[in-house]
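Here is a short tour of one protein chain. Keep the structure open as you read, and find each residue as it comes up.

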Amino acid sequence: PPRAEDGAEGGGKRQEAGWEGGYPEIVKENKLFEHYYQELKIVPEGEWDQFMEALREPLPATLRITGYKSHAKEILHCLKNKYFKELEDLEVDGQKVEVPQPLSWYPEELAWHTNLSRKILRKSPQLEKFHQFLVSETESGNISRQEAVSMIPPLLLNAHPHHKILDMCAAPGSKTTQLIEMLHADMNVPFPEGFVIANDVDNKRCYLLVHQAKRLSSPCIMVVNHDASSIPRLKIDVDGRKEILFYDRILCDVPCSGDGTMRKNIDVWKKWTTLNSLQLHGLQLRIVTRGAEQLVEGGRMVYSTCSLNPIEDEAVIASLLEKSEGALELADVSSELPGLKWMPGIAHWKVMTKDGHWFSEWEEVPHSRHTQIRPTMFPPKDPEKLQAMHLERCLRILPHHQNTGGFFVAVLVKKSSMPWNKRPPKIQGEPVEPREPVRSSPAHPAEGAAVDPAEPESKPASGMDDTDMTERSENVENSGSKKDGVCGPPPSKKMKLFGFKEDPFVFIPEDDPLFPPIQKFYALDPSFPKMNLLTRTTEGKKRQLYMVSKELRNVLVNNSERMKVINTGIKVWCRNNSGEEFDCAFRLAQEGIYTLYPFINSRIITVSIEDVKILLTQENPFFRKLSSETYSQAKDLAKGSIVLKYEPDPTKPDTLQCPIVLCGWRGKASIRTFVPKNERLHYLRMMGLEGLAEKKKEGTVVAQESADSSGLPEDEVSAEHGAEQATSAGASEDASA
């Protein structure tokens, strides 16, 4: 089933290919859909025609400026003063291009919408430059093309840098990216205390998630691959004791029927039936229940779908609230996003089968339909109970109100433990007694049984006992084979059946002889957390060194048997191909430089904006081409990896106003930069020099790029030639890393 922003990053090509390739256009009609939603009255009186009209229009392109604070401001400046200005007075296919407008409810003007559909944006020659800008900046992680409504859940999650966050159904990852940005609200803190664990059940989509998260180069994100409805409880070490990890914030953007995405996924028009919702309701309820169990008391959980259907929306929330017996309540977020238009959640709805039969309460449902329709799909009977739930605090976003997709969001706050988890922690080694599952009322014998034998109501019975089980198994492990600091792939065969077998995550031992030469060469600060360095190999030469925050290290080390980790950590150092002849075998990697920079005390060259231009546009500039200040800093340095740092000058507001840190190489008589192509183009664009970047596309820039991926620190003489040969050499290694 589609999720809110499926295809927001280019995945739409496939869907649109249909009607560009000469197939008959899909007729945007579905009588059952209209009949269903008119009957449920989710659209205000008199607005039905506007609602349907909006659904038939293609979705306008929206974009969000990502990246971290000071860089985001520069990109915004560049967009407004250059690219948006060029769109003024343009006509495409007879339609006047409106200048993009900021989304009124998104903070700091960091999200924008245009009246251009994605198709027009890709096809029109006049918009080619703007489109190229979007593509290139998306690649380097500075903007995300994300549907407007999909930006809402992370904003309502209200995450702070110290929060432990779980994103339960995270792929393709634009919401995850938003959460990572919130962790790094203060760019001067390289390791925020919080982290994001991004999970997806689909192994292939997990790699999409990794790709998205990588653009932000954060040491605080981990991608895992589990079924969200039974995502394992994790342990962390708190002052020497093993404790269960509870999250401060949980995002639960569940798989849904996706009828809010009809403007983008036009297949939905012909495929829509109520069956999808009836089939997904149970899974959605299991996922959100599992989330609620892992939320800390006082924590906040956001439940969202891109469906307008109450069976997937209010019914799931009402059922969860009912079985939580007061442990959860809906938060009133009406004042949190001023400018956003939404409809309050509804308190009364009916259930319709795929052939158009309506049922307004569980008692009316014939036995033959009990497998398909469940009691949890109906609103609570007791009017007082219903009122106390405050379902009107849910938000339903309708497409015609602000020219968006359709969407549903509910914000839940946890007041106390879930009723089935309220048992005193067990003393280790006691037998586990089977327990009667908690039922909300004897009158509903089938309550909750609907949704699968693995219904959370029976699962939490192992809530605390979980602890004992894993502790026993760990003691067995520890007695023998478990290597310290190795987080291997899960041992069970079952885990390896799906997806790729991931390399282990191995933390570098305290006394590893690898580290002192690095520490000395870069004069690393004593506060540098070397415990958090890891590699992905247990034998052979360590080629890449990655880094995670200490909180994620805690999670990794204590849960290696319990968790299928797909990726974590950012690359901070790579081995030089001919590293042994230099004082240090490892060169800095651009990907991790912003994290590493605060700890480096030597080999830093401060450069001027003119130097930056030369370094980014010329292949291997000799010292004499750079400013005398730069030369005087470089001339006494030994050959090897260096940091090039640009500090903005506030007295010259016309120049670039965000700091830049680049990785470079000091050769015999020249300096080169090791910066990936899209990042280099990004910096040139920010300096108003993309013309130069375009010209350099052929030839030297390519050479530089390739040396970049292979990490060849060649000297000037062989630089041109060697770099070209290196084109394919490093690419594969990078890809595999």
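## The chain as a whole

The protein chain has 25 helices and 30 strands. Helices (H or I, at least four residues) and strands (E, at least two) are DSSP runs, numbered from the N terminus. This is a predicted model: local features need pLDDT of at least 70, side-chain atom pairs count only at pLDDT 80 or more, and totals for chains, interfaces and linings use all residues. Residues are numbered from 1 along each chain as its sequence is written, and side-chain values use heavy atoms, with hydrogens and water left out.

Of the 737 residues in the chain, 57% count as buried. Buried means under 20% relative accessible area, exposed means over 50%, and partly exposed lies in between (1.4 Å probe, protein chains only). Now take the contacts, meaning heavy atoms within 4.5 Å. Among contacts in the chain with a separation of 6 or more, 76% join residues 24 or more positions apart.

## Sites listed in UniProt

Two annotations come from an unreviewed UniProt entry. UniProt positions are given in the numbering used here, feature names are shortened, and annotations may be inferred rather than shown by experiment. For "active site", the record lists Cys306. Cys306 sits in the loop between strand S13 (295-305) and helix H12 (314-324). Is Cys306 buried or exposed? Cys306 is buried, because its relative accessible area is 1%.

The "binding site" annotation covers Cys169, Ala170, Ala171, Pro172, Gly173, Ser174, Lys175, Asp200, Asp227 and Asp253. Take Ala171, in the loop between strand S7 (164-167) and helix H8 (174-183). Its relative accessibility is 1%, so Ala171 counts as buried.

## Around Asp227

Asp227 is another residue in the "binding site" annotation. Its place is the loop between strand S9 (221-224) and strand S10 (235-238). Asp227 counts as partly exposed because its relative accessibility is 36%. Its side chain makes a polar contact of 2.8 Å with the side chain of Ser229. A polar contact is a pair of N or O atoms within 3.5 Å; within protein, one must be able to donate a hydrogen and the other to accept it, and residues adjacent in sequence count only if both atoms are side-chain atoms.

Ser229 leads on to Arg286. The two are 57 residues apart in sequence and 5.3 Å apart in space, C-alpha to C-alpha. Arg286 belongs to helix H11 (residues 275-293). At 12% relative accessibility, Arg286 counts as buried.

## A cavity inside

Rolling a probe the size of a water molecule over the atoms shows where empty space is left. On a 1 Å grid over the protein atoms alone, a cavity is a set of points where a 1.4 Å probe fits but cannot get out; lining residues have an atom within 4 Å of a point. Grid points are joined across faces, edges and corners, and a volume is the space filled by probe spheres set on the points. How many cavities of 30 Å³ or more does the structure hold? There are 9.

H9 gives the largest share, 3 residues. The lining divides into 5 nonpolar, 4 polar and 1 charged. Here Ala, Val, Leu, Ile, Met, Phe, Trp, Tyr, Cys and Pro count as nonpolar, Asp, Glu, Lys and Arg as charged, and the others, Gly among them, as polar.

## Two histidines and a covered helix

His400 is in helix H14 (residues 399-402). It counts as buried because its relative accessibility is 16%. Its side chain makes a polar contact of 3.3 Å with the side chain of His401. Leaving aside neighbours within four places in sequence, His400 contacts Val43, Glu47, Gln50, Phe51 and Ala54.

His113 lies in strand S5 (residues 111-117). At 25% relative accessibility, His113 counts as partly exposed. His113 and Pro60 are 53 residues apart in sequence, yet 6.9 Å apart in space, C-alpha to C-alpha.

Finish at helix H22 (residues 677-686), which is mostly covered: 9 of its 10 residues are buried. Among them are Leu681, Tyr683 and Met686. Just after H22, Gly688 takes a positive phi of about 75°.

How values were computed. 1 Å grid on protein atoms, 1.4 Å probe; cavity = no way out; pocket = protein on both sides within 12 Å on 5 of 7 lines; lining within 4 Å.
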